[in-house]
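This briefing goes through a predicted model of several chains, grouped by topic. Please keep the sequence and the coordinates open while reading.

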Amino acid sequence: MIQFNRVTKRYSSMARPAVDGLSLDVREGETCVFVGPSGCGKTTTLKMINRIFEPTAGEIFVNGENVLTQDQDQLRQGIGYVIQKTGLFPHYTVFENVATVPRLLKWEEGRVAARVRELLELVGLDPDENMQKFPRELSGGQSQRVGVARAMAADPPVMLMDEPFGAVDPITRTQLQNEFLTLQQKVRKTICFVTHDIDEAIKMGDRIAIMNHGQLVQYDTPENLLLAPADDFVAEFIGSDRSLKVLSLLPVRKVLKRQFRMVSETAELSTVRASFDASERNRLVVEDERGNLVGYVSRSDMDKAGSARGWNRFIKPFPAFLPPEATLRDALAVMLQHDIGAVPVMEGRRRFMGMIYLDDIRSYVGEAYQERDSDSSTQEGA
Amino acid sequence: MRALRYFVNNLDRIGGYAAQHAVLIVIAIVIAVVVWVSVGIMVRNSRRMARGVLAVASLIMSVPSVALYGILVSIPGLGLSRQSAVLALVLYAMLPIIRNVYVALNGVDPAVMEAARGMGMSQRRILFRVQLPLATPVILAGVRVSVVMMVGIATLAVFIGERNLGVLIQQGLVRTRSDMIIVGAVIVSVFAVFIDYLFNKLERVLVSPGIRGDAS
Amino acid sequence: MNWERLLDVVREEGLQLVVQHLELVGISLFIAIIVALPVGILVTRFPLDRYAPQILAFLNTAQGVPSLAVVAIFLPIMGIGRVPSLFALTIYALLPIARNTIAGIEGVDPDVMEAARGMGMSPRRVLLRIELPLALPVIIAGIQTSAVLTVGTATLAHLIAGGGLGRLIFSGISMHRPEYIIAGSLMTAALAILIDQVIGLIHRWISARYSG
């Protein structure tokens, strides 16, 4: 969808090119995050796509068309653009801000109004409450939402986002990131996103382009980046806690156990004991007749339970559950907090999907690293 | 007390002078705004040109008004006429208006300018839809300074043939009539206060509520 | 117009009138400075400092009174001549200097003041070592405005028999002698521009010393 073909940008004031022979493809519907230390050329790269900066050499194609041969204003009208400081027009209301590009494209007013409403709802702002406000009446988070709505107004297939969440407080940032991920699931735009924050890159990107000194160092999925950094620079940039980052990246379903030994709450004690004998685990999950999760029992309690009846008074409920979209990091956090080695995953309030075991997390991550290390020699740099 | 009596007894005459005063200023400020705002817009992207124009403007600003009137009436074709008076006032407005237009147009938040360009607005549209509306409070401030200045300087135009509120002071001087001098001085001062009020109203009409009160 | 006659006018009367004009400007400006500076400082001290904003607003409005009116208003009381001229010019010259002195001192960064007081400097020392030096560029700018204004206003002194370059201009107008008007106007303008530039130079020199 967006192609860089040996793109170079030189500034007369700088000895080294800001961007040096960059080639890269951003696939349709994907979010590509450009990340790197300041001065690495990531922002210049982004801004060459809508020709805020003109490349010194090379070609950039958006949707198969060379941006350099297109009318600059028309090109930009077709590309959503979000910047860190929002750049909202302070003399325009929220409505007028969002309506900017549709009006440039001469939409009729009825359609503009409908679109503005739709967009404000999409980014989580009540249209009636906010439409007539001026930017200075908005909080940082609200301004950034309006900025995103404005960029999406004419439904451009491509969006450029330059540190869009860089100027808000950490709590708002996390919230905006999550909202944006949900939004992107719905709209599936092709997005180029610049950040200096590797954690944000890992969270937001389908693919991450790590840049240094104007050159592309590695272009890969977050998972591959974390498990197999191309060189020392990437490894260092990702940080020494990259194994922890892997955990926060991988969804629990990677290690979710759907098939395992369970006991029914109506079973006889002997059956339960037999199950323990057949298992290495010290705790067993208990289900009711319809397959709903009840809780767990532990081996030691069953040893104490003398009579055949009433063993189920030893059933304990699980102290915590995980939603299926949780990450391994969430699972670990819950386990540590409650001092348990297993957590059930529930979809909604009732549907029991399976269990996450601590051992499985450990072995999965361990395996992943070993696998990458063994074949990292055959990997290509970019 | 004598001043008040003079004022009441000569309301018609004073009204006529005030009207003449106002007419001169209105003509001058309309021309000044049209010309100097255009010049400010033309030099907005060239620091060198702006510097040159502003240097000339501040030179003119330091020429005493009596001297400027004197120079203008000596120019063949102008002479002792309203043109000379108007031209002098227009010249004095050069510095405050051009300076404020230049500063305000270039003072628009770079993020706003980048967003406007990034959305594909043409240079022309950015100027008229973004820069000028955002610059309006500062430009208005420059116009206000000019008008207040003109009110005072216009009184001196009586020496080159204008018949405005300056007549009261000049006649008071010639005839040693403090009542006339006081009436003249007070009305001219009230004029200035009234202009302040007028510009506050004007700001309400011309400036978007989104940025009102930002420029002082 | 006859350029030779113009030069004659400058030769015969010009120099003498320039000296007269400079005397008017110099004396009134000098008195204005030695009056306005202490008054301005006083306004920023207890207990007057509470009214500083109102006094500033008043000074701004007073600046709007036309120079002609200021020159004229003392005529009935003081008559004509050099002394009434100097008096009127001084009064007019006071305003920008007093205004900028107050504004300059009020504009000193409160943090700097607090630091100075926190180090145990006496109020007198804070004024002399901190406030006045930091306000100096603004005060000089006030003197610059005042000087340029006074050069212009001094032309009006002729109207109350105070002398100066105004004589050439006004008599030129009434006698229809363009060479008089031009000679007077150009000399006045040159004088104003010269003084403006010189004080501007001093202003830049002082500002550069402080910011550098």
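Among contacts in chain A between residues at least 6 apart in sequence, 61% join residues at least 24 apart, where two residues are in contact if their C-beta atoms, placed from the backbone, lie within 7 Å. In chain C, 76% of the contacts between residues at least 6 apart in sequence join residues at least 24 apart. This is a predicted model, in which local features need pLDDT of at least 70 and side-chain atom pairs count only at pLDDT 80 or more, while totals for chains, interfaces and linings use all residues. Residues are numbered from 1 along each chain as its sequence is written, and chains are lettered from A and ligands numbered from 1 in the order in which they are written.

**Chain A: overall build**

- Chain A holds 16 helices and 15 strands, both taken as DSSP runs numbered from the N terminus (helices are H or I of at least four residues, strands are E of at least two).
- Along the principal axes, the C-alpha atoms of chain A fill a box of roughly 85 × 55 × 35 Å.
- Of the 382 residues of chain A, 37% count as buried; a residue is buried if 20 or more other C-beta atoms lie within 10 Å of its own, exposed if 12 or fewer, and partly exposed in between, with C-beta atoms placed from the backbone.
- The domain assignment divides chain A into domain 1 (2–239) and domain 2 (254–363), the bounds coming from an automatic or database domain assignment, and the C-alpha centres of these two domains of chain A lie 45 Å apart.

- Four strands of chain A form an open sheet in the order β2-β1-β4-β5, with antiparallel pairing; two strands pair if DSSP finds at least two bridges between them.
- The edge strands of this sheet are β2 (19–26) and β5 (65–66) of chain A, each of which pairs on one side only.
- Strand β4 (residues 57–62) of chain A pairs with β5(A) in the antiparallel sense over two bridges, and A:Phe61 has A:Asn66 in β5(A) as its bridge partner.
- Helix α1 (residues 42–49) of chain A lies across β1 (2–9), β2 and β4 of chain A and runs at about 120 degrees to β1(A); axes are lines fitted to C-alpha atoms, for helices over the stretch in contact, and angles run from 0 to 180 degrees between N-to-C directions.

- A:Pro324 is found in the loop between α14 (299–304) and α15 (328–338) of chain A.
- A:Pro324 counts as partly exposed because 15 other C-beta atoms lie within 10 Å.
- Leaving aside residues up to four places away in sequence, A:Pro324 touches A:Val252, A:Arg253, A:Val345, A:Glu347 and A:Met353.
- A:Glu347 is 23 residues from A:Pro324 in sequence, while their C-alpha atoms are 6.2 Å apart in space.

**Chain C: a helical chain**

- Chain C has nine helices and zero strands, so that its pattern along the sequence reads α-α-α-α-α-α-α-α-α.
- The C-alpha atoms of chain C fill a box of roughly 70 × 40 × 20 Å along the principal axes, and buried residues make up 45% of its 212 residues.

**Contacts between chains**

- Of the two pairs of chains in contact, chains B and C share the most contacts, whereas chain A and chain C do not touch, their nearest C-alpha atoms being 26 Å apart.
- Between chains B and C, 29 residues of chain B are in contact with 31 residues of chain C.
- The elements giving two or more residues to the side of chain B that touches chain C are α3 (47–62), α4 (65–74), α7, α8 (166–174) and α9 (178–206) of chain B.
- By class, that side of chain B has 17 nonpolar, 12 polar and no charged residues, where Ala, Val, Leu, Ile, Met, Phe, Trp, Tyr, Cys and Pro count as nonpolar, Asp, Glu, Lys and Arg as charged, and the others, Gly among them, as polar.
- Between chains B and A, 17 residues of chain B are in contact with 21 residues of chain A.
- On the side of chain B that touches chain A, α6 (110–118) and α7 (123–155) of chain B each supply at least two residues, and the largest share, six residues, comes from α6(B).
- The residues on the side of chain B that touches chain A divide into 10 nonpolar, five polar and two charged.

**Confidence**

- The model scores ipTM 0.80 and pTM 0.79.
- The mean pLDDT of chain C is 86, and 98% of its residues reach 70 or more; pLDDT is the predictor's confidence in each residue, from 0 to 100.
- Within chain C, confidence is lowest in helix α4 (residues 75–78) of chain C, at a mean of 81, and highest in helix α5 (residues 82–106) of chain C, at 91.
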